[in-house]
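Open the structure in your viewer and keep the selection tool ready. We will go stop by stop.

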Amino acid sequence: MDAEPPAIELRGVTRYFGERSALRDVSVRVAPGATLAVLGRNGAGKSTLLRILATLLRPHAGDVIVFGEPLPRRAFAVRGELGLLAHEPLLYRELTGRENLEYHARLHGVAHERVQEVLEAVAMERRAGDPVRLLSRGMVQRIAIARAVLHAPRLLLLDEPRANLDPSAAELVEPLIGRASGCTRVLTSHDPGAALAEADLVLALKDGRAVFAGDPNAFGEAQVRELYA
Amino acid sequence: MRTALVVLRKDLRVEARTLETVPAMVLLALVTFVIFHFALDRDTIEGQLAAGVLTATLLFAAMLGINRLFVAEREQGGFDAFLLAPVDRTALLIAKAAALFIYLAVLEVIAVPAFGLLLLGSSLGHALPGMILILVLADLGLAVIGTLVSAIAVHTRARDLIGPVIGLPLLLPALIATARAIGPLLRAAHPATAPPGRWLAVLALYDLVFALIAYGVFDFLLED
């Protein structure tokens, strides 16, 4: 099992925004199909880490390897394998949900039928003809989830994936973004209990530094409290 | 090219729904013609003055379009969505330049006849074929440089300022060539039947050089 190459390998990843370091010397390995929960307070570096993995940001130091491809040099090779669910839904407000998904399907070279498939999976087929600006936040999040999984990525980068979803909607999207998806997942959450429950690995960030990286069972309540103190 | 068409179609659809860019460009051009009409205190203008008024007005109207070219990408995450797709980034340059070219063409279809009515005494008919050729070449340059400038400006905090500050000096040679090429067509006495080849060549060369520069640097502008 140890011989299996990791889906994600970070070695000493550092990223600055001006003088401020958003990530400092972060290292972690994630096995294929595993779930990494990234925990930390606002501004700890969680979203920065996701954007680096999504090839949208360059690290200023360290190595980022996704599916064996070093980033950002080989970003083109892994882009089709990534599904990013960010804070922003990455949807055009004036276009309908269906038009947005058709746009993304064409960019990713995905068959037209897949759009209907993911709309049904998030139970949005009836409101798919409405402009995104007219949808509730929860509905927008469901369309955003449909967009993130449209091209059947192998790696899901999920920034607060269940934000704005009611319990039934959260259950509905579980097969798409939950463990059942079979994807390698990196997720951030402000609800450490929920994140720890579905994680195989935890990366706790404080001011951009990794203060813990390992088994979620070894990350106790006291450490959680200290992280968010 | 297929990706560029996908992005272009999306841009035109968004513009058709919002009507945020082209109507503003047209309105600015029409208001500017009215201002010139009264400010110059002349019923008609001709020759190089008329060409200068037309070209400068179109340029300022174009700046509105240039400033708004990447607004949806910036505000609604379109940049990230595009960058996450396994596609050639040059497609975004081609699509945005094509969208701006179409906006300029729509602007001119309305603004040039309005210019004729408000500021030219004589009919535009004889000058129109030559003007169309000149404006197509000018619009190509505006579209390419405008896209480049807009892509630079959109990543800055002072984006509304950066667009004109960088764009206007870069567009000055095209403005001069366009005005000089149109001027002889708008002379009241003995108007030229065809635009001067020298200025057409300058415009074409300018378009080619900036198209190559844009192709070479656009990828880097999309990097963080």
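Select chain B and colour by pLDDT. This is a predicted model, and chain B has a mean pLDDT of 91. In chain B, 100% of the residues reach 70 or more.

Next, select residues 47-68 of chain B. They form helix α3, and A61(B) is in it. Is A61(B) buried or exposed? A61(B) is buried, because 25 other C-beta atoms lie within 10 Å, and 20 or more are enough for that label.

Now show the contacts of A61(B). Leave aside its neighbours within four places in sequence. A61(B) is then in contact with M25(B), L28(B), A29(B) and L107(B). P129(B) is 68 residues from A61(B) along the chain, and their C-alpha atoms are separated by 22 Å.

Move on to chain A. Show it as a cartoon: there are eight helices and ten strands. How does its radius of gyration fit a compact globule, and what is the value? Chain A has 17 Å, which agrees with the value near 17 Å for a compact globule with 229 residues.

Finally, colour chain A by burial. Buried residues make up 48% of its 229 residues. Last, look at the contacts in chain A with a separation of 6 or more: 68% of them join residues 24 or more positions apart.

Notes. Residues are numbered from 1 along each chain as its sequence is written. Chains are lettered from A and ligands numbered from 1 in the order in which they are written. This is a predicted model: local features need pLDDT of at least 70, side-chain atom pairs count only at pLDDT 80 or more; totals for chains, interfaces and linings use all residues. Helices (H or I, at least four residues) and strands (E, at least two) are DSSP runs, numbered from the N terminus. A residue is buried if 20 or more other C-beta atoms lie within 10 Å of its own, exposed if 12 or fewer, and partly exposed in between; C-beta atoms are placed from the backbone. Two residues are in contact if their C-beta atoms, placed from the backbone, lie within 7 Å. The radius of gyration is taken over C-alpha atoms; the globule rule is 2.2 Å times the number of residues to the power 0.38. pLDDT is the predictor's confidence in each residue, from 0 to 100.
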